[in-house]
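Here is a short briefing for a reader new to this structure. Take a look at the model, then follow the points below.

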Amino acid sequence: SLELGEQRFAVVEALDGSTSLRRALTDPTRSSEAKAQLAENLLGSQVNADVVALVAGLARSRWSDDRDLAEALEETGTTAVLAAAESRGELLRVEDDLFRLGRILAGERELRVALSSDQIPAERRTGLVDQLLGGQVAPESQVLVRRTVGALRQRSVTSRLARIAELAAARRRRVVASVLAAAPLTQEQVERLTTILSRIYSTDVHVNVGIDPSIVGGLR
């Protein structure tokens, strides 16, 4: 559910904010059960029991770097949010939301830099993206985008949004084609392009169309 995804992200924030906690949960000299018990004791009733069990299970594994645990948990949080969108039949909308935002950021350097700067407080970054989205996206998109700009985790915002869109596409077992055109395409043109690409790749293809006036004729 969406709530379970947000709870997993909250645990990631705790791990990102405490080097000692990350190391305690990934210490190779401690037994797997000791690390799992530590996770259970720390989280207790603060989050859903399923989240506690997940973190405890991850703590039992061996990690080459203490940050890998948080990264794995981040991915499961993203998956939970995408699953929530899928259960509501809104996964395609989330893909489209992320694609549109990615295109906006590609054309707005100052905004892109601001949302990717750890010199700007997280609250301000999420406030900027809230203004940009204006509540016109799926709830799951809002959570994922706010998470991306609020917790940069040494990655660019645009690359992370692209990664989430790829995960969403994988859940639908589809190929996503990002097409740039000099001017908007008609619905008929999009449908024809979708048919051609689906035939080429022998699978369903979802086409996202972005506008780039610098393209002189044709598509990219």
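Start with Glu74: its relative accessibility is 0%, so it counts as buried. This residue belongs to helix H5. The model is predicted. The protein in it has eleven helices and two strands.

**Glu74 and its surroundings**
- Glu74 touches Phe9, Val12, Arg147, Arg153, Arg155 and Arg160, leaving out residues up to four places away in sequence.
- Phe9 is 65 residues from Glu74 along the chain, yet their C-alpha atoms are separated by 6.1 Å.

**Ala83, also in H5**
- Helix H5 holds Ala83 too.
- Ala83 has 28% relative accessibility, so it counts as partly exposed. The cut-off for buried is under 20%.
- Between the C-alpha atoms of Ala83 and Glu108 there are 30 Å, with 25 residues separating the two along the chain.

**Overall build**
- Along the sequence, the pattern reads α-α-α-α-α-α-α-α-α-α-β-α-β.
- The C-alpha trace spans about 60 × 40 × 30 Å along its principal axes.
- The protein has 220 residues, and 44% of them count as buried.
- Take the contacts with a separation of 6 or more: 70% of them join residues 24 or more positions apart.

**Helices H1 and H2**
- Helix H1 covers residues 2-16, and helix H2 covers residues 19-26.
- Their axes come within 6 Å and cross at roughly 105°.
- H1 is therefore roughly perpendicular to H2, because angles of 65 to 115 degrees fall in that class.
- On the H1 side, the contact is made by Ala14, Leu15 and Asp16.
- On the H2 side, Leu21, Arg22 and Leu25 take part.
- By class, this contact of H1 with H2 has four nonpolar, no polar and two charged residues.

**What is buried in H2**
- Arg22, Ala24, Leu25 and Thr26 are the buried residues of H2.
- Their cover includes H1, helix H3 (32-43), helix H4 (49-60) and helix H5 (66-87).

**Thr26 in H2**
- Thr26 is found in helix H2.
- Its relative accessible area is 6%, so Thr26 is buried.
- Setting aside neighbours within four places in sequence, Thr26 is in contact with Lys35, Trp63, Asp66 and Leu69.
- Ser64 is 38 residues from Thr26 along the chain, and their C-alpha atoms are separated by 8.5 Å.

**Nonpolar cores**
- In soluble globular proteins, nonpolar side chains tend to be buried together.
- Which residues touch the most other members of the largest nonpolar core? They are Leu82, Val94, Leu98, Leu144, Val145, Val157 and Leu161, out of 25 residues in that core.
- Two or more residues of this core come from each of H5, helix H6 (91-107), helix H8 (122-133), helix H9 (139-150) and helix H10 (157-171).
- H10 gives the most to this core, with six residues.
- Leu98 touches Val145, Leu161, Ile164 and Ala165, not counting residues up to four places away in sequence.
- A second, separate core has 20 residues, including Val11, Leu25, Ala36 and Leu73.

- Strand S1 covers residues 175-181 and is joined to S2 by seven bridges.
- S1 and S2 run parallel.
- Which residue of S2 is the bridge partner of Leu180? The partner is Gly210.
- Strand S2 (residues 205-211) is mostly covered, with five of its seven residues buried.

**To take away**
- Glu74 is buried, whereas Ala83 is partly exposed.
- H1 and H2 cross at roughly 105°.
- The largest nonpolar core has 25 residues, and a second, separate core has 20.
- S1 and S2 are parallel strands.

Methods. Residues are numbered from 1 along each chain as its sequence is written. This is a predicted model: local features need pLDDT of at least 70, side-chain atom pairs count only at pLDDT 80 or more; totals for chains, interfaces and linings use all residues. Side-chain values use heavy atoms; hydrogens and water are left out. Axes are lines fitted to C-alpha atoms, for helices over the stretch in contact, and angles run from 0 to 180 degrees between N-to-C directions. Helices (H or I, at least four residues) and strands (E, at least two) are DSSP runs, numbered from the N terminus. Angles under 35 degrees count as roughly parallel, over 145 as roughly antiparallel, 65 to 115 as roughly perpendicular and the rest as oblique. Contact means heavy atoms within 4.5 Å. Ala, Val, Leu, Ile, Met, Phe, Trp, Tyr, Cys and Pro count as nonpolar, Asp, Glu, Lys and Arg as charged, and the others, Gly among them, as polar. Buried means under 20% relative accessible area, exposed over 50%, partly exposed in between (1.4 Å probe, protein chains only). A nonpolar core is a set of buried Ala, Val, Leu, Ile, Met, Phe, Trp, Tyr and Cys residues joined through side-chain atoms within 4.5 Å. Two strands pair if DSSP finds at least two bridges between them.
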